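Try each task before you read its solution.

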Amino acid sequence: MTHPRHAYVHVPFCRHRCGYCDFTLVAGRDDLMERYFAALGKELERLAEPLEIDTLYLGGGTPSHLGPDGLRRLFGILEPRVVLADGAEITVEANPLDVTPAFIAAAHGCGVTRVSLGGQSLDAATLRSLDRDHEPDDVRRAVSLLHEAAIRVSLDLMTAAPGQSLPAVEKDLAAVIALAPAHVSVYCLTWEKGTAFESARHRGALAAVPEDIERAMFETAIDRLEAGGYEHYEVSNFARPHHRCRHNEAYWDLRAWEAFGPGAARFDGRTRITNHRSTTTWMSRVLAGEDHAGDVDAMSAEEAARERLVVGLRRRAGVGRDAFRKASGYEIDAVAGAAVDRWVRAGLATDDGTTIRLTRAGLPVSDTLWGDVL
């Protein structure tokens, strides 16, 4: 357990809820912003002293939906309690429609170094199928403006959208590489319980992409982005040299981090405390001085070791046996030896006695492997 050097702030506001989204957010409720700011300021008071951090990530929801003045207001609330170290990475998630010269000026003034852009696709038909509210040219314009302002861009790309073909994904990848963002995150559409997409699938109005095509899309993304100069450093993440997401790497290292806002989860190295997911319930409880945690997950030392192995194996570098033992106090074979042996025999992982890594065949099915460990 160490002093947190990383912080996440959840901004729950969106203009529109996409049909696949199950995130903690409220759409069309900008009237709640003042109450949100008041609750955030109140929650920050639990910090006994100012927190110096190396990375700050504003996620959502859509933080850019706050607009230029709202972004300044947010940083003004954070400033007395959260101190940014020299060279800190400061990321803001943004909708392409929100990226205007005024927004960029505000971001610059707040010290933002990185924008995670929810582009999802550069194909109009795919964007419509994903229920997005922007067009391909909005993504291009946003990336251009951010590059001109010397703000690093991380672009989200989604595959396996309803009706999407492999050639459409290949075209998307070529378009993304042409835009030259510093970082690309590639996510396969997941059909989350309770979403509009999942309900439509049950009714037969939407259909998932066949599993073999979905896998081909993922493997094509790896090939095309690596050929385009991106390092595939985590299952879903690709970066130009020296442009990895430092904040996410803190998560994958299981370093301690702080978190504020509805649905935000903080972690001290052993215990994860997640705030209530309802934006209005979180606000009411915080402002009333009541417990606003929705879930507390206290892991034993062995459970923490198992989680460390799982998140570590999502990274292409794999997990070194010596580093794992020093960080967790456990040998890998003691917590997952049998599982690792099965993966190696199935060609899903390699183990050279020093480092365990997932293979190219193991990456697409990695989520199905973790039950063997957790």
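**Exercise 1. Asp322**

Task: decide how exposed Asp322 is, and find which side chain its own side chain contacts.

Solution. Start with accessibility: Asp322 has a relative accessible area of 45%, so it is partly exposed (buried means under 20%, exposed over 50%, partly exposed in between, with a 1.4 Å probe and protein chains only). Then look at its side chain, which makes a polar contact of 3.0 Å with the side chain of Arg325. A polar contact is a pair of N or O atoms within 3.5 Å; within protein, one must be able to donate a hydrogen and the other to accept it, and residues adjacent in sequence count only if both atoms are side-chain atoms. Finally, compare Asp322 with Cys21: they lie 301 residues apart in sequence and 39 Å apart in space, C-alpha to C-alpha.

Before going on, note that this is a predicted model, in which local features need pLDDT of at least 70 and side-chain atom pairs count only at pLDDT 80 or more, while totals for chains, interfaces and linings use all residues. Residues are numbered from 1 along each chain as its sequence is written, and side-chain values use heavy atoms, with hydrogens and water left out.

**Exercise 2. Two threonines**

Solution. The Thr24 side chain has a polar contact of 3.4 Å with that of Arg277. Residues that Thr24 touches include Pro262, Gly263 and Thr279, leaving aside residues up to four places away in sequence (contact means heavy atoms within 4.5 Å).

With a relative accessible area of 1%, Thr55 is buried. Its side chain and that of His6 are joined by a polar contact of 2.8 Å. Beyond four places in sequence, Thr55 touches Arg5, His6, Ala7, Glu89, Arg246 and His247.

**Exercise 3. A helix pair**

Task: identify the residues of H1 that meet H2.

Solution. In H1, pick out Glu34, Tyr36, Phe37, Leu40, Gly41 and Leu44. Across from them in H2 are Gly70, Arg73, Leu74, Ile77 and Leu78.

Notes
Helix = DSSP H or I, 4+ residues; strand = E, 2+ residues; numbered from the N terminus.
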